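Here is a short report for a reader new to this structure. It starts with the whole chain and then turns to a few of its parts.

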Amino acid sequence: MIWIWRNPKTLSQNKMGEYIQDSGTDRFEFRKSIILDPNSVLVPKVVFSCNEKYLLDVLPNSGALLIVSKKALGILSDICPNDYQVFDANVFVGDKSIEGYSLLNILNKVEVFDMERCLIKKRMGAITSIEKIVYKTDNLFGHDIARNADFASHVLVSDRIKEAFEKDKIKGVEFREEP
């Protein structure tokens, strides 16, 4: 089955980090599913207003960057080490720099939408909203994590990742069938 990596529905606003625009490499570069040159990437800054003790294993943020703890990264490293690129995250609580988080750059994209059966609204050729998803397959073509080629803001994961995150009680992410 294919699952969408999403922010928790119950996420309080103060646990959502603020992506600081122009603080580093543009967030959309991390949606292209290509290897980025580590020497030319300046990891963007994400600032949280909550107390550090409330930071989660996955750090939801306004830039939709995938920022994970060492615990979450360990799971991904065991399951799919070749599906992503890792950068040290640039996380702050107020003015204090927080260590121990990584920014993921997903390296694969897959075409999985059955475009004839999905209920999708487009504007100028780009998807603007999705009411119903129908997949033409139930796998990620040998990957455990990939971007949706039709809608790059969707990060898709396999049952293996979903089950491992749930088993280890990873906080800060939900996996849904629909957006």
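## Surface and overall form

Accessible areas come from the Shrake-Rupley method with a 1.4 Å probe. By that method the protein exposes about 9,700 Å². Carbon and sulfur atoms supply 47% of this area. The model is predicted.

The protein holds two helices and 14 strands. Its radius of gyration is 16 Å, which agrees with the value near 16 Å for a compact globule of 179 residues. Along the principal axes, the C-alpha atoms fill a box of roughly 50 × 40 × 35 Å.

## Burial, contacts and charge

Of the 179 residues, 48% count as buried. Take the contacts between residues at least 6 apart in sequence: 67% of them join residues at least 24 apart.

The charged side chains number 25 positive and 26 negative. The centres of the two sets lie 4 Å apart.

Strand β3 covers residues 45–48. In a regular strand the side chains alternate between the two faces of the sheet. In β3, V46 and F48 form the covered face. K45 and V47 form the uncovered one.

Two strands pair with β3. Strand β2 (residues 18–19) runs antiparallel to β3, over two bridges. Here E18 stands opposite V47. Strand β6 (residues 90–93) pairs with β3 in the parallel sense, over four bridges. On that side V47 stands opposite F92.

## A look at K45

Is K45 buried or exposed, or in between? K45 has a relative accessible area of 29%; buried means under 20% and exposed over 50%, so K45 is partly exposed.

Leaving aside neighbours within four places in sequence, K45 is in contact with E18, Y19, I20, S23, N90 and F92. K9 is another matter: K45 and K9 are 36 residues apart in sequence and 24 Å apart in space, C-alpha to C-alpha.

β10 (119–123) and strand β11 (residues 126–132) run antiparallel, joined by five bridges. Within this pair, K122 stands opposite I127.

D114 sits in the loop between β9 (109–110) and β10. Why does D114 count as buried? Its relative accessible area is 16%, and the cut-off for buried is under 20%, so D114 falls on the buried side. Not counting residues up to four places away in sequence, D114 touches V134, Y135 and K136.

## Helix α2

Which residues of helix α2 (residues 159–167) are buried? They are I161, K162, A164 and F165. An α-helix has 3.6 residues a turn, so residues three or four places apart point the same way.

What do the buried residues of α2 pack against? Their partners include the other helix named here, α1 (70–79). They also pack against the strands β1 (3–6), β12 (145–148), β13 (151–157) and β14 (174–176). Just after α2, K169 takes a positive phi of about 55°.

Conventions:
Residues are numbered from 1 along each chain as its sequence is written. This is a predicted model: local features need pLDDT of at least 70, side-chain atom pairs count only at pLDDT 80 or more; totals for chains, interfaces and linings use all residues. Side-chain values use heavy atoms; hydrogens and water are left out. The radius of gyration is taken over C-alpha atoms; the globule rule is 2.2 Å times the number of residues to the power 0.38. Buried means under 20% relative accessible area, exposed over 50%, partly exposed in between (1.4 Å probe, protein chains only). Contact means heavy atoms within 4.5 Å. Lys and Arg count as positive and Asp and Glu as negative; His and the chain ends are not counted. The place of a charge is taken as NZ of Lys, CZ of Arg, CG of Asp or CD of Glu. Two strands pair if DSSP finds at least two bridges between them.
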